[in-house]
Structures are given as structure tokens and as C-alpha cells.
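Visitor: I would like to look at one residue and the interface around it. Please show me the model.

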Amino acid sequence: MTDDKVVGIDLGTTNSLVAYMGTGPTLAHPDAPGKGVFIIPGEDGVNLVPSVVALDAENHVLVGNAARTALLTSPERAVYSVKRLMGRGVEDVQEELKLFPFQLAEDLAPGEVLRIKLGGRTYTPPEISAQILRQLKRNAERFFGGAVKQAVITVPAYFNDAQRQATKDAGRIAGLEVLRLVNEPTAASLAYGLDRKQNGTIAVYDFGGGTFDVSILKLKDGIFEVVATNGDTHLGGDDIDNLLIAVAVDDIRGDLGVDVRRYPDAVQRLRSAMIEAKIALSSSEAADVEVELPEGKLYQRRITREMLEQMIAPIVERTLGPCRRALSDAGLTAQQVDEVVLVGGSTRIPLVRREVEALFARKPHTELNPDEVVALGAAVQANILAGGSDETKDMLLLDVTPLSLGIEALGGVTAKIIHRNSTIPASATEHFTTGVEGQVSVAIHVLQGERELAKDCRSLARFDLKGIPPMPAGLPRIEVRFLIDANGILHVSAREQRSGKEAEIQVQPSYGLTDEQVENMILDSFDNAEADLAERQLIESRNEAETILTALGKGRRNAAWKMLGFSEQRKVDELEQRLRLAMSGGDHHSIRRSIDELNQATTRLAELMMDAAVGSALHGKKMDETEMEDGPSAPHPIGKAEFS
Amino acid sequence: MSEQNAGLKTAPMQLQVIQERQLSQHQCWSCGDMRAEHFCAACGHMQPAEPTDFFSFFGLPRKLEVDEAALEKEFYQLSRKLHPDLYSRASAREQHWSLEKTSQLNDAFRTLKDPITRTEYLLNLEGIQLEEQSKVATEQARAFGVEKKQTVPAELLEEAFELNMMLEEAKAGGVDDDLRAQLVATRDSLTARLGRMQDELRAAWKKWDNGNRAAIDEMVDVLNRRSYLSNLVRDLQEVLS
């Protein structure tokens, strides 16, 4: 039943979330908001899961808040902002690495998928992201009380093919079937459009932790048609943080004579303090930074909003160029945009809001939480893919490819075959021939980007068309079809037309994992999804049983126990033994069943205990002075949860 | 059907191809009804993707005067029925057809909604290869160090010569106010001329739509001149911005 639940996931640079759009209350949570679209909180009750992965002392994987804490104490055993490394090569990330505490494997060749050192082995960015996805999957499974196997995952609109493929690989490694990759600004527009289905043109300005996107959409009778998108996959709150850290590092060197960079844990404390100050300055005019440094020194600084704005103005300015280009591609002026929507944590910065308002000459929408809106939109798209509901039955998303697709032509020039902002799925057919007599293969270099020369574009793949029958030069006619699917991912097929022979294609992704590598990672990953779920359910049910048994022990010592009849006491004893027996076995179903039975048999005991507690309260005793004082935090019915 | 195929027995390969065609074009794979196109008229199931030209995809004749608003409406309607979002839980082959058909739909709409790409596409269908005036061809020629073969339209010879002088000047010594004013004036007059070419093109469309094949040559001529002109405007714009 729960197996076909499709969740929406925002796999962010800084934080990740999982959301669901339901059609009714769930079995496990009859009172929970099962209807409508909502975020599924983590075990700690928090919606945001920090996109941080760390290893503890026993090499157990920590994800989220636990990992973020670990980052402060042992930064060399934690990885954050891994999204910035997805689908990229070692030559792309030199700048980033100067600021990150983690290290890459030393033996990386150019063009190879990155590998990050962590606790004695190395992980590719998709494997790290898979840990985050697995945590979100677990959160959803705990919420629904059953397996979750399918998801919609959001990506920055300006992600290229390799970055999208890497995200999809991460999903597969985490044991999720990725039904669709949805562009983040488009997802946000779905969340906004859900309750206000009106026609018009909207611009979504999405300034997140690591990436910036802007999308212009036309809304018409439930069709969300993206007309243009632009952005920068290396522009976000991280850049602001890094700037602030760099300024502080200089400051400290000058004032206190300490080179903080030599102390990774101090850098992380500084980073955390600067981020805190940045966030505080969105609502107050000044913030005080205080960081303990090595060598017994203390860094103290007051930062005003004005100072912050002066420092970050050039970064904010960089978002305006993509906005103008998107408008120009859409054939619109800023004034022709009816509504502007702000998405992403960085849009909380007052300067960002002012700049956007000035550019579009209207007040942007901020009604929905900018951290959550993308995940909510992903859940809406997940609902559509799962067959839709009354609320979504008229909704359809038509997205575009953000970057032009080209092939390298003679002289190292890019010949564009699918232009940017083409509605996807989109395809193009090209014909190739041979240059030499008897030539049996043709090399094709696929590119993505807007530049005229191949060397300036992103290399997507190189492949050889093999198996061409030997013919005089120029005679073979090879038809190659390029198809960009609804995820923005490229597929290639080819055939030699004169011989009618299907040409063999070997696509070597320039920055991607091969299918085989992904399969190995799935096998490799220590917790295979199925086994993992069963084991977790066993642990959780055992924990629950322990709690109940502890509560029962207290109940036996309570005066209320003696008020039960002999047969009732015997029944409870018997069920207790049965539960203990079930706990020693490995089947969580039988443990749960025994818990339920014991719960039922002890209902009257719990009621009697409650009456006694209320009675003593009436007699002037405080609740926690009764015998329930250190009552266990057990679920219904034994426990004081009902009172507090 | 069997009577039609009787004469083809000697060519079994071809026979198979023809049978497959007939089946997929006229018979619904799901219910067997014989009137199917994108969808079966009887049971509504989507039909397999077939190689087709963009006009046929929309059920349009190969004519150039197109009601663009009606085309857009049809595009949205077909999107609502063909899009992969609607088939994410369907069989693998239906998912595949949906992907193929939606990419055809998007490619067809993108090509036909614009008057210029529509005309170029029709000429292409009629076997006409337009001269390479594209920026790629220019860059390619540059990369090889050869002068690109370009036919300067006679009416533009003089202006093109003058403009190139101005552009050289701008590249060498920068753009002062005087030169800028000249460049802006030239750009505006060329842009106005681009607009007039649109009218010429429409006149040629009318002839084509009325069955006059001679219109092909006229359209090729207009498109070549237009392409040369818009390259000039683009170069100008680059210098100005």
C-alpha cells in the first residue's frame, strides 16, 4: 500500500528536505497532516536536514544536525556543500577546495569523477549525496510506517547534463527510483501556483546556498510553461559565507597575529559564527561576533548591516545579469512580469530583496517559507506523477533545457543542435559521414553551453560511432538522434542509413559514473535499502518495547496494580512474557503485535494510575511529586505524556 | 489488406515494413480500431510514435499561412494528453512512445510557430539547402583562416561596404559619440528593412499556398538576404553593447 508513495525531495547545498502531498490521513499518523502538501520532519522534529555527512569515531555515518555538530569538533571527518562538487572534474573545483576542510583523493586524473577522502576511504559526490537522500528516505519511512521507493528530486535549473546525471545516480545509490528531476525554481512555482491558479507571467528568483537560478514562466489554465531560464551553479549563500570568513581571517591575522587557517576546527567555529552573524543581520542592524581562537586569543567584532551590505553587494549584483538575460530570452521587459517569487534562504537578506524589487519594479512574494517552497513544489510534482488528485488534475509542467546542446564541428567550433530554452523533451537529428576511405568509426564530441568554440563549452560526452561498413569516404550516412528527456538528460541513438545497420554507440560521460560503477556502489553501500529498513524497524520496535516494559515495572510498584483483579494481573504477566520472547526474535511484526496486546491489557492500569495522580493533585500535591514523578516518556497508555 | 500485399510477395522485407506501417497508422494497438492517429478514436489510447514531418504531426497541410494562435492551442491540448508526466506509471512502451511523441510535439511546435523557421523547414522538406549564413559557418571559416563564401545581396552591397568600414573603425579606435550615432542610425534602418522583408516573405507564402512552386525561389532569395542582414544587425549590436 505505502510502497507507491512518491515523495518530493529538495537536495540542497546547505539543507535538504522531504515533502509529501497526500490525499488523506495516513494509517500510522491518523491525526498528522496527511492531507495537503507538507514537509516530513526528521526524528528530531525539525524540517530541515543539514546537507552534512560525517563519520563518528566508530566510522558510523552521521547525517544532518548530528553531522553538523561533528563538523565543529572534527572537521576532517565531515563533508558539507557536496552539491557544488556534483558532476564536476578536479580542474573545476580548485577554488572551492581552498575553503573546504575536506580533501580529495590524490590520484585523481583530469576528467575523472571526484573522490573525497573520509575516514580511511574515498567517496564520490553522488555517494555522499546518497547518504543525505537515504536519511530523508528514512524520515519518510518512519513517518509513513512503510517503505518509500520513489521520489522526485529537485536540481538547480542551470544544472548541466553531468550534474543532473550525478543527482540521479545519487538517488539510485540511496535505493530510490527517481521518477523525475525537477528544476528548483519551477518546483517553487508549482507550490505557489497550487492555491492561486491564475494566468500571467511570473519570475522565480532562486538564490540558495550554492546556486542561483532565475526562471520566467507563463501560467495558463494550469499549464506552467517555462519560457526562459538562466543562472549560475556557483553562486549562493556559500559565496557570501566564504567572503565573510576570508575578511575575518585577514582581520585576525592583522589584529591578533594568528593564522587561523592552520587550525581547521577554529576555521569551522569562525565559519559557524559568521553564518550566524549573517543570518542575524537580516533582522537586526548589528551583530556581535565572538570566536575563541587558538593561542588563547579571542576574536571579537561588531558587524553592522551596512558593512555586510557593502561587502556582499558585488555578489548580489552577479545575480542580476542572469535575470536580464532570462528576460531578454523570454522576449519580455521587467515590467511585463506580473509576479515575482523569492525562493532560497539567501533571499532573506534585505539587500537581495531591495535589488530584486528594483529590477522588476514590484514587490516580490515571500508568503511561503523560502527554505521549504522547493520541497513542497517537488511534492506537488510527485503527486502529479503518481496519478494526480483533484487539486493537481489540471496542472502540467512544461520545462526547458537551460543550456544549448552542440557537437564539435570541424575547426573546433560548436554547432548548436538544440538551443537553450527549448521545451523538453526535445530532439535533433544530425547526419555524419566519413572522411577517409574504409573508415569504420566516427568520433563525436557532445557539448553543452553557449560559447562558439568547443573548448569553451562543457564537454558532455565523447563517443565513437562504430561498426560502419567500409565504404568510400563520404558515402556512409550516419543518422544520430539526440534526445533530451523530461529530466533534462541526454540520450543518443544512431544508425547507418545506407546499409541500414544500427551503429553501435559507446557513450563515455565526461564527468559521470558509468552504469556499472553505480551498480557497484549500490551493492557496495553497507546498508542495502530493504535489509536496512527491516533492521531499523526491528531496532525501533525493540526500543519501544523497552520503554513499555520499563513503564510496566513502574506500574507494578504503583498502588493501582493491587486494584487489578488476579486474572487481569495474570493476563498482563503472560503478555509481558510474550513480548520478551518476541524481543529476542528478529521479527519486528511480532514485537509490534505483542506491544499492542500489552498496551491493550494495561489500559485499565493506566487509567487507575491517572486517577490516582489526578487525585493526589487535587489533594495539593504537585504532579511530579506523585508516584508518576519520573514517569517514562512511553507512548499511550502508560506514561505521563497525556498530562504534559 | 491481403489483396494489397499480394503483389509484394517477392520482397518480404518490404512487405513487413509496409504491414507494420499500416497497422500502426490505422489500427489501434490497444483495441484494434482502424481510425487511430495520435490517439485511438474508439478507446482513446495513445498510439506509437511514427517518424513524421512537423506539418503532418499537427494534421496541417504543407502551407505557410498558419493560424499561430490555433497552433498554440493545439500544442497545449496535445501536451495535456501526451506528456511523460501522464505516463510515469504506464507500461514501458507507452512511456517510450510518450517521450518520443512529446519530443516530436515540442520540436514541431517550436519550428512551426516562428515564421522564419517554419519557412526554412518547409524549404528543407522540399529538398532545398539554404546557404550557410550562420555564425557557426563564419566561425568555422575563421578557424580555418579562409574567407567565408558569402553572397552579398546586390541591394546591400554599398551599405554593407560602408558598415564594414565603420565596424573596422570601431574595433580599431573605439566608439565615439559621432560613430555611435551613425551606427545606431544604420542599425535602425537595417532593422526596418528586416521588417519589410517579412512582408516580401508573406507575399511569397501566399503564392506557395496557392500552388505556385515558383515561390520557392523567391523564399530562398528573401531568406538569404534576410540572414545576411540579420548577421549585420547582430554584429552592430555587439559593437554597440
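This is a predicted model: local features need pLDDT of at least 70, side-chain atom pairs count only at pLDDT 80 or more; totals for chains, interfaces and linings use all residues.

Visitor: Is B:Thr102 buried or exposed?

Guide: Buried means under 20% relative accessible area, exposed over 50%, and partly exposed in between (1.4 Å probe, protein chains only). B:Thr102 has 1% relative accessibility, so B:Thr102 counts as buried.

Visitor: Which residue of chain A does B:Thr102 touch?

Guide: Contact means heavy atoms within 4.5 Å. Leaving out residues up to four places away in sequence, B:Thr102 touches B:Leu82, B:His83, B:Pro84 and, from chain A, A:Pro425.

Visitor: What is the area buried between chain A and chain B?

Guide: Buried area is the accessible area (1.4 Å probe) that two parts lose on being put together, summed over both. The contact takes 35 residues from chain A and 23 residues from chain B. Carbon and sulfur atoms give 54% of the buried area, which is about 2,500 Å².

Visitor: How many salt bridges does the rule find across this interface?

Guide: A salt bridge is a side-chain nitrogen of Lys or Arg within 4 Å of a carboxyl oxygen of Asp or Glu. B:Asp85 forms one with A:Arg180, with the closest N and O atoms 2.3 Å apart. Across the interface of chain A and chain B, the number found is four.

Methods
Residues are numbered from 1 along each chain as its sequence is written. Chains are lettered from A and ligands numbered from 1 in the order in which they are written. Side-chain values use heavy atoms; hydrogens and water are left out.
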